[in-house]
Amino acid sequence: MARELAEMMKAGVFRALLVTFITCLLLSCSEKQSVDTVAVAKAEVPIDGAELYKQYCIACHAEGPGHPGTMRLGIRLGEDKAVLTKRTDLQAVYVKTIVRQGILLMPPFRPSEISDAELEALAEYLSTITKT
Ligand code: HEC
């Protein structure tokens with residue numbers, strides 16, 4: 001009777017271990033899969049300077065009243081230099097410096113917010129955009 005009980009317990013422990021092992025295996029597999037999916041999803045989206053500008057900058061730099069960037073630049077540099085997308089004098093290196101360091105009311109953006117590659121595309125966009 002005691003031996004039977006011991007056998008049953010052994011089997012129970014073995015089963016529990018097996019279930020734990022399989023669960024871990026499944027979990028690690030699904031985790032790996034989701035990481036791969038994220039990597040693929042990221043790689044498929046091309047970096048688009050104009051899109052980044054809409055996402056991070058336009059709220060403050062759009063044309064018209066109510067945009068602090070446009071308003072401040074209009075006061076400091078004149079109306080013809082108020083809207084970033086209409087500027088012909090913006091150098092990529094200047095845009096990159098301002099975005100990383102901020103300027104007066106404009107907050108700086110960290111690489112965790114705008115990556116170096118994204119900043120490169122953004123600066124390229126603002127320094128070469130066709131002005132109308
Ligand atoms: C929270 C509002 C805000 C956001 C968001 C913002 N800016 Fe600005 N930005 C400003 C303000 C305000 C100024 C003007 C500072 C001053 O001169 O008083 C400015 C100035 C600048 C200047 C300087 C222009 C010059 O001729 O000196 C550049 C370049 C610039 N911003 C680029 C960007 C880019 C690129 C983004 C997006 C990544 C961005 N800004 C996002 C508020 C913002």
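**Exercise 1.** Describe the shell around the ligand by residue class and by helix.

*Solution.* By class, 19 residues of the shell are nonpolar, two are polar and two are charged; here Ala, Val, Leu, Ile, Met, Phe, Trp, Tyr, Cys and Pro count as nonpolar, Asp, Glu, Lys and Arg as charged, and the others, Gly among them, as polar. The model is predicted: local features need pLDDT of at least 70, side-chain atom pairs count only at pLDDT 80 or more, and totals for chains, interfaces and linings use all residues. Residues are numbered from 1 along each chain as its sequence is written.

Next, the members. The ligand is surrounded by 23 residues, each with its C-beta atom, placed from the backbone, within 6 Å. The closest are Cys57, Cys60, Gly69, Leu105 and Met106.

Then, the helices (DSSP runs of H or I, at least four residues, numbered from the N terminus). At least two shell residues come from each of helix 3 (58-61), helix 4 (68-77) and helix 5 (92-101). Helix 4 gives the most, six residues.

**Exercise 2.** Characterise the packing of helix 2 (residues 49-56) against helix 6.

*Solution.* Start with the geometry: the axes, lines fitted to C-alpha atoms over the stretch in contact, are 8 Å apart at an angle of about 100°, on a scale from 0 to 180 degrees between N-to-C directions. Helix 2 and helix 6 are therefore roughly perpendicular (65 to 115 degrees).

Now the contact (C-beta atoms, placed from the backbone, within 7 Å). Helix 2 contributes Gly49, Ala50, Leu52 and Tyr53, and helix 6 contributes Glu118, Ala121, Leu122, Glu124 and Tyr125. Six of these residues are nonpolar, one is polar and two are charged.

Key. Angles under 35 degrees count as roughly parallel, over 145 as roughly antiparallel, 65 to 115 as roughly perpendicular and the rest as oblique. Two residues are in contact if their C-beta atoms, placed from the backbone, lie within 7 Å.
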